[in-house]
Amino acid sequence: MSGGRRIAVTGMGAVSALGAGVAETWDAVRQGRSGIAPHLFDGGAHGPEPVTLPAALAADGFQSALEARMGRKVSASLDRFALFALCAAFEALDQAGLVGDAVLGERTAIVLGHGQGGQETLEKGYERFFGLKSPRMHPAMVPKVMVSGGVSAVAMQFGVHGPVFATSSACASSAHAIVQGAGLIQTGLADVAIVGGAEAIATPGSMSGWQAIHALAETTCRPFSQGRDGMVMGEGGAVLILEDLERAKSRGATVFGEYLGAGMTSDAFHITQPSLEGTAAAIRQACTAGDLLSQEEVLIAAHGTGTPLNDENESAALDAAFAGVAVRRPLIATKSAHGHLIGGSAAMQTIIALKAMRAGLAPPVLNFLGPDPNCDVDVVVGEARPITARHALLNAFAFGGLNVSMAFATA
Amino acid sequence: MSVTEPELLDLIAQEAIIDRDKLNREATLGDLGISSLDVITMLFELEERYGVVIEEADMPKMETLGEMVDFLMTRINEQPAKS
């Protein structure tokens, strides 16, 4: 570990197509249930013909618990991505036993990652502007769209006065957020950090953009499988409570895992294609930080988007980083269940990896048609597989060549 | 373009997120928790649904729901559709 203070995970919250709550999420991935289904994307009176695409969308009722605690107007005052962030933050802070705790006042940070911010609000606003040709925009549009709307909502709800900001690095946004939050604790700027991410960009206009770059699968997401043809858009949020380990122990908090360190690199190469050098370097740094190469078994929580190029590159990067060591590496890729949460993905997959290590059970990669000879990885398929791993490696490799790998240990 | 009072009350309940059965003409906007942002949201929905443009700045100071309903119904029912 690189910093002086050790970092515990003392709370977790999640919402996605798999359900509202970590328990529902874990049950679904453990049992191999998918949240992916065909959905109609209709751009309305001023849009093109509606299209049906596979996506993993959160059920409409996810706001109910939020509205019960904050009033029904919360759903109108925030964009969907910020509602996801709040939902997950409530659950995580509840679990950590920190709601109303004095530490939230001055010694707590919030760092959440989002690829785009309030896309739904933006599209509705632009429909008025370009479609209805209305010169009047809603005064709440800007605060709902801004990428920091989520962290501000969480800060206001829980009275958090420490360092609060959002990170944005496409699919790695919440990984950068976790690393930044841990760093704030390690450098003494906070004792607790509310970290993670959320995204809600499964909107008609946004989906059209994702189609244009040929990133979306025709049918479903099948990471590392032969016949894979792309990612499936998901939505939701995931939040972890990071806390100084000694503080967590002294207050008797349940520790679900420990953040050991990370690697962060930039490919400086291509806006959509990955680079083996950049991703392997991030993995190597995380392996060093977490002492992963000396373990008997490390759970690999792969970025695993299901696109042909990304999975092949990630497989090669893992091989390069673990070359010459005999570490068993069962690999999970749960975007096949909850879709790609973009800014929320890394945090969601971190939570699942921590749950998997505690349960001693690696959830299966879904929709697997058979191994791809170009992906030399130990993919967990079929049913959940018993594991003994006490350490996990989490990868998040974003468009633009922004790479984060993180090392965790189970408690 | 015309709107009935029940239709307008449905819209107010939906946009200001208030239980429909709590809406009565004598209730003040403050009692109902209708903020200026709620009013703007209602005006936007009226524009999209009925094609009538009502500026918030044109609205007189109103105390009760009944006053607001009367004002909005008059404006909607007298204004030609925008398109």
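Let's call a residue buried if 20 or more other C-beta atoms lie within 10 Å of its own. Keep that cut-off in mind as we walk through this predicted model, starting with a loop in chain A. A:Phe224 has 27 C-beta neighbours inside 10 Å, so it counts as buried. You'll find A:Phe224 in the loop between helix 10 (204-212) and strand 8 (233-234) of chain A. Its backbone is worth a look too: phi of A:Phe224 is near 65°, a positive value in a residue other than glycine. For context, most residues other than glycine have a negative phi.

A:Ile342 sits in the loop between helix 14 (335-338) and helix 15 (345-359) of chain A. With 32 C-beta neighbours inside 10 Å, A:Ile342 is counted as buried because it passes the cut-off of 20.

Now step back to the layout of chain A. How many residues meet where the domains of chain A are in contact? Domain 1 brings 60 residues and domain 2 brings 57. On the domain 1 side, the elements giving two or more residues include strand 1 (7-16), helix 1 (22-31), strand 4 (51-56) and strand 9 (236-244) of chain A. The largest share of that side, 6 residues, comes from helix 9 of chain A. By class, the domain 1 side that touches domain 2 has 33 nonpolar, 21 polar and 6 charged residues.

Strand 1 of chain A deserves a stop of its own. Is it buried or exposed? Mostly covered: 10 of the 10 residues in strand 1 of chain A are buried. Now follow its pairings. Strand 1 runs antiparallel to strand 9 of chain A, with 8 bridges joining them, and here A:Ile7 stands opposite A:Asp244. Strand 1 also pairs in the antiparallel sense with strand 10 (residues 257-266) of chain A, over 3 bridges; in that pairing, A:Val9 has A:Gly257 as its bridge partner. Then there's strand 2 (residues 19-20) of chain A, which is antiparallel to strand 1 over 2 bridges. In this pairing A:Val15 faces its opposite number, A:Ala20. Strands 1 and 2 of chain A form a hairpin, with 2 residues between them.

Elsewhere in chain A there's an open sheet of 3 strands, in the order 3-4-8 and with mixed pairing. Its edge strands are strand 3 (37-41) and strand 8 of chain A, each of which pairs on one side only. Strand 3 and strand 4 of chain A are antiparallel, over 5 bridges. One residue pair to pick out here is A:Pro38 with its bridge partner in strand 4, A:Pro54.

On to chain B. Its secondary structure comes to 4 helices and 0 strands, giving the pattern α-α-α-α along the sequence. The radius of gyration of chain B is 12 Å, close to the 12 Å that the globule rule gives for 83 residues, so the chain is as compact as a globular protein of that length. Its C-alpha atoms fill a box of roughly 35 × 25 × 20 Å along the principal axes. Of the 83 residues of chain B, 19% count as buried. Among contacts in chain B between residues at least 6 apart in sequence, 65% join residues at least 24 apart.

For a closer look, take helix 3 (residues 36-50) of chain B. This helix has 15 residues and reaches 21 Å from first C-alpha to last, close to the 21 Å expected at 1.5 Å a residue. Which residues of helix 3 of chain B are buried? They are B:Val39, B:Thr41, B:Met42, B:Leu43, B:Leu46 and B:Tyr50. Their cover includes helix 1 (5-16) and helix 4 (65-78) of chain B. Just after helix 3, B:Gly51 takes a positive phi of about 70°.

Finally, bring the two chains together. The contact takes 7 residues from chain B and 8 residues from chain A. The chain B side has 4 nonpolar, 1 polar and 2 charged residues.

How values were computed
Residues are numbered from 1 along each chain as its sequence is written. Chains are lettered from A and ligands numbered from 1 in the order in which they are written. This is a predicted model: local features need pLDDT of at least 70, side-chain atom pairs count only at pLDDT 80 or more; totals for chains, interfaces and linings use all residues. The expected span of a helix is 1.5 Å times one less than its number of residues. A residue is buried if 20 or more other C-beta atoms lie within 10 Å of its own, exposed if 12 or fewer, and partly exposed in between; C-beta atoms are placed from the backbone. Two residues are in contact if their C-beta atoms, placed from the backbone, lie within 7 Å. The radius of gyration is taken over C-alpha atoms; the globule rule is 2.2 Å times the number of residues to the power 0.38. Ala, Val, Leu, Ile, Met, Phe, Trp, Tyr, Cys and Pro count as nonpolar, Asp, Glu, Lys and Arg as charged, and the others, Gly among them, as polar. Two strands pair if DSSP finds at least two bridges between them.
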